[in-house]
Amino acid sequence: MIPQNITVNAIYNFYNKYPSIYDVLKNDILWKEMSISTKNVSFLLNGSASIAAVEEDVIRLSVEKAENADLQVCLITGSQGKIARVHTKVPFQGNAFSSLVSFKDGKGYDSYGKEQGANAPISEEAEFAYTTALNHLLESDSRNKFTVGNRTFLFWASKDDEAGRLAEKSIFSIFDFNESDDDPNRRIEQVRKVLKSIYSGSLKTTLDDKFYILGLAPNAARIAVTYWAEIPLKEFASRINQHFEDMDIVDSRKEKKPYAGLASLLKEVTLQRKISGSDSKLQPNLPESVIKSIFQGTPYPYTLYSACIRRILAETSEEKNPVHIARAAIIKGYLNRLNNNQTKIDVMLDKDNTNPGYLCGRLFAVIDRIQEIVNKQNTIRNRYMNAASSTPVTVFPTIINLSNHHAEKLEVSKKFFDELKGEIINKIDAEGFPTQLDLQDQGRFFIGYYHQRQELITNKGNNTETNNS
């Protein structure tokens, strides 16, 4: 109240006399005009030259009340400050602008009579700071973000020093696959060196150095936060290095290039290898699940593993070998992270591994290689790999007989292959080939196949007659 102001007191007394102003106004001759008008209604004291709303006392009271009402504890800083009523919109995924904090229409989303930004009190200073940072990180040419499907991930180091800048550059290299270059893996080895340097201490960091990751997704009313992590920089480097180690597997190709980048992994488990654009064949939540498992050092998602197995089985009838290096790496990484307390799958051939799935995969690779040398074809792989990887007992007697027939045509390396088959068969359970392999052992089958095939390709002793057959 303003006791000394005649106009304000008159309005106060008017409301006390007529509790229901609606009943008074509807009897006025101008009621019909007012009821269809979209204009505001104010009071004018008889004999006064201006309406009540523009009097100095009224304006001063309104300002003081607003200022006092907005002084609240900020959720971000923990200090008292003037609360931002509306938050600035930022550019997000194209030309759209959205808010991270918003309350639509001030209805249905409010509590305790609070409106707009007062429902989530953030000071104007903090609002300006975070929206300015988001604007910078979300710029079209920003190298502190990568987008997968409808998810955008932002990342930054707490300190602008050599270690922080190299860490940011490394993450962009691993996870961004929308660049114009044809080989998204070309920088991976350099990334490994950088992160190893951070973890080992060659690049100096302190316990206070942090790395931040923010996951954002579009929502009907605002931008949704789907992921947030604050990790010591050294620990973050350790987790990424662990990803490299888990995905490391023997490579017999002349031009070796690592398969630890996000694009390489996702392409190998996706139909037609389409992972971006409107015709993307990616499972909706798969990229985000893979990214989180890498950042958190947790087991890779089951969906990644099962999709990998499905793609291998779907392509066994094709001429090209479906057990690619990236798929073998995915299977190895998934099983090793999932079975922490069990025997780890090695990077290369493990002759001491007696898992039935692994042994069946090794034996199948030997049989496949014999036919490849003799007949220059892989019909055994095309026809029998699916059954051999799931129900070995149903096909191995048949393909062993076929391999014996093919081996008769070998000259120099017949003894080598006979001894190798015998070595593997002797390690299989005395009861015979497994009736069925579960999904994990099916993965071990393909790892055994991949390991043994890489060994056979690089072993000069069994390749001497390839050109003579």
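The chain exposes about 25500 Å², and carbon and sulfur atoms supply 50% of that area (Shrake-Rupley method, 1.4 Å probe; for residues, only the protein chains shown count as cover). This is a predicted model, with local features needing pLDDT of at least 70 and side-chain atom pairs counting only at pLDDT 80 or more, while totals for chains, interfaces and linings use all residues. Residues are numbered from 1 along each chain as its sequence is written, and side-chain values use heavy atoms, with hydrogens and water left out.

Of the 469 residues in the chain, 45% are buried (buried is under 20% relative accessible area, exposed over 50%, partly exposed in between, with a 1.4 Å probe and protein chains only). The secondary structure comes to 17 helices and 8 strands, taken as DSSP runs numbered from the N terminus (helices H or I, at least four residues; strands E, at least two). As for contacts (heavy atoms within 4.5 Å), 68% of those between residues at least 6 apart in sequence join residues at least 24 apart.

Helix 16 covers residues 414-427, and its end C-alpha atoms sit 21 Å apart, which agrees with the 20 Å that 14 residues should span at 1.5 Å a residue (the expected span is 1.5 Å times one less than the number of residues). Phe417, Leu420, Lys421 and Ile424 are the buried part of the helix. Looking down the axis of helix 16, these buried residues fall within an arc of 95°, so they line one face (the arc is that of the directions from the helix axis to the C-beta atoms). They pack against helix 13 (356-375), helix 15 (396-407) and helix 17 (439-458). Over on the other side of helix 16, Lys415, Glu419 and Asn426 are exposed.

Lysine 376 lies in the loop between helix 13 and helix 14 (379-390). Its phi is near 60°, a positive value in a residue other than glycine.

Among the strands, strand 5 (residues 145-148) and strand 6 (residues 151-157) run antiparallel, joined by 4 bridges (two strands pair if DSSP finds at least two bridges between them). Lysine 145 has leucine 154 in strand 6 as its bridge partner. The two strands make a hairpin with 2 residues between them, and glycine 149 in the turn has a positive phi of about 65°.

Serine 42 belongs to the loop between helix 3 (31-35) and helix 4 (56-70). With 37% relative accessibility, serine 42 counts as partly exposed. Leaving aside residues up to four places away in sequence, serine 42 touches Ile51, Ala52 and Ala53. The C-alpha atoms of serine 42 and alanine 52 are separated by 7.0 Å, with the two residues 10 apart along the chain.
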